[in-house]
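This report describes one protein chain, from its overall form down to selected residues. The sequence and structure come first.

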Amino acid sequence: MRNHGTDFYDNDANFEKYMQRRQWQENANDTLEKPVIMELLGDISDRHILDLGCGDAGFGVELLKKGCAAYVGIEGSRKMTDASTSNLTAYNNGTVLHMRMEEYTYPRDTYNVVISRLAIHYLQHIESVFRGIHQTLKPGGKFIFSIEHPVITSTLQPSGIRTNWVVDNYFIEGYREQQWLGGTVHKYHRTVEDYFMALTGAGFRVASLRESRPVREHFLTEETYERRRRIPLFLFLEGVKNG
Ligand SMILES: C[S@@+](CC[C@H](N)C(=O)[O-])C[C@H]1O[C@@H](n2cnc3c(N)ncnc32)[C@H](O)[C@@H]1O
């Protein structure tokens, strides 16, 4: 049976540990990933937003509070979808669909913004998903995504506080397994060039390429800040649909 990136989150123990980790005060999502995503997103008022691999849709709630017109999350894990549904109950312009992003039909010219935060490195094939995203954006719309940085996915190592890094097998794209938070995660490694080419191949103009460069004020301690200056954890790309 083929392993999916969502399997990890449908295991009760993994789900609990992941949700706890996400709440840590100095978690990498909040200190390194979210600040760049917010910068790239800019003003979202009146925007129709699609979020691929939305997790518990906590970010959707935030976007709805900030005034986006509508938020649709796509989530492949049953447990995450249930958490999203519960978080979005108060919003009639917020919804989540339980399916893999590879299965979504991507209705034409529908959204102003498609985002995906730390989910696309779980996909075996990205080309058809990127074409679907291009199709579902309105002209001028943007696709913003973050992934684990290819220098990390090339050579995955077990979770824990690392003190050294190895980058190896960088040009050997494809399946990787990682022991993380007590479970096994299934991911796919691609090079920076692969992501860039998939975007342009789907018709996008690449408008930004960013890395998770740490900013001191986002960290409580000097120690964590210095550690985060050693290696990039995340890569971000923004594609724009001409029009
Ligand atoms: C690291 S979590 C990030 C969740 C959320 N985007 C955030 O930043 O908090 C990755 C999420 O992507 C989901 N996911 C992985 N592969 C997916 C796929 N093929 N289709 C839809 N969701 C997927 C997982 O179930 C998980 O909820």
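## Two loop residues with positive phi

Y106 sits in the loop that joins β3 and β4. The model is a predicted one, and in it Y106 has a positive phi of about 50° although the residue is not a glycine. Y106 is buried, because its relative accessible area is 4% and the cut-off for buried is under 20%.

A57 is a second case of this kind. Its phi is near 60°, again a positive value in a residue other than glycine. A57 belongs to the loop between β1 and α3. With a relative accessible area of 0%, A57 is buried.

## Overall form

The protein contains eight helices and nine strands. Its radius of gyration is 17 Å, close to the 18 Å that the globule rule gives for 243 residues, so the protein is as compact as a globular protein of that length. Along the principal axes, the C-alpha trace spans about 45 × 45 × 40 Å.

Of the 243 residues, 51% are buried. Among contacts with a separation of 6 or more, 67% are between residues 24 or more positions apart.

## Surface and charge

The accessible surface comes to about 11700 Å². Carbon and sulfur atoms account for 48% of that surface. The side chains include 29 positive and 31 negative ones. The centres of these two sets lie 2 Å apart.

## Helix α3 and its surroundings

Helix α3 covers residues 58-65, and its buried residues are F59, G60, V61, L63 and L64. These buried residues pack against both helices and strands. The helices are α2 (28-41) and α4 (78-88). The strands are β1 (48-52), β2 (70-75), β3 (94-98) and β4 (111-117).

A57, described above, lies in the loop between β1 and α3. Just after α3, G67 takes a positive phi of about 105°.

Which residues does A119 touch, leaving aside its neighbours within four places in sequence? They are L52, G53, M101 and S146. A119 and G5 are 114 residues apart in sequence, while their C-alpha atoms are 8.2 Å apart in space.

## Strand β5: F143 and P139

Strand β5 spans residues 137-148 and includes F143. P139, at 52% relative accessibility, counts as exposed, because the cut-off for exposed is over 50%.

Not counting residues up to four places away in sequence, F143 touches V114, I120, F130, I133, L137, L199, F204, L237, E238 and G239. With the same exclusion, P139 touches D109, K241, N242 and G243.

F143 and E222 are 79 residues apart along the chain, with their C-alpha atoms separated by 34 Å. P139 and M38 are 101 residues apart in sequence and 21 Å apart in space, C-alpha to C-alpha.

## Strand β7: K187

K187 is found in strand β7, which runs over residues 183-189. Is this lysine buried or exposed? K187 is buried, because its relative accessible area is 2%, under the 20% cut-off.

What does the side chain of K187 make a polar contact with? The partner is the side chain of Q178, at 2.7 Å. Q178 is also one of the residues that K187 touches when those up to four places away in sequence are not counted.

Definitions and conventions
Residues numbered from 1 in each chain as written. Predicted model: local features only at pLDDT ≥ 70, side-chain atom pairs only at ≥ 80, totals over all residues. Heavy atoms only, no water. Helix = DSSP H or I, 4+ residues; strand = E, 2+ residues; numbered from the N terminus. Buried < 20%, exposed > 50% of the residue type's maximum accessible area, 1.4 Å probe, protein only. Polar contact = N/O pair within 3.5 Å; in protein donor to acceptor, adjacent residues only side chain to side chain. Contact = heavy atoms within 4.5 Å. Rg over C-alpha atoms; globule rule 2.2 N^0.38 Å. Areas by Shrake-Rupley, 256 points an atom, 1.4 Å probe, with all protein chains shown as cover. Lys, Arg positive; Asp, Glu negative; His and termini not counted. Charge placed at Lys NZ, Arg CZ, Asp CG, Glu CD.
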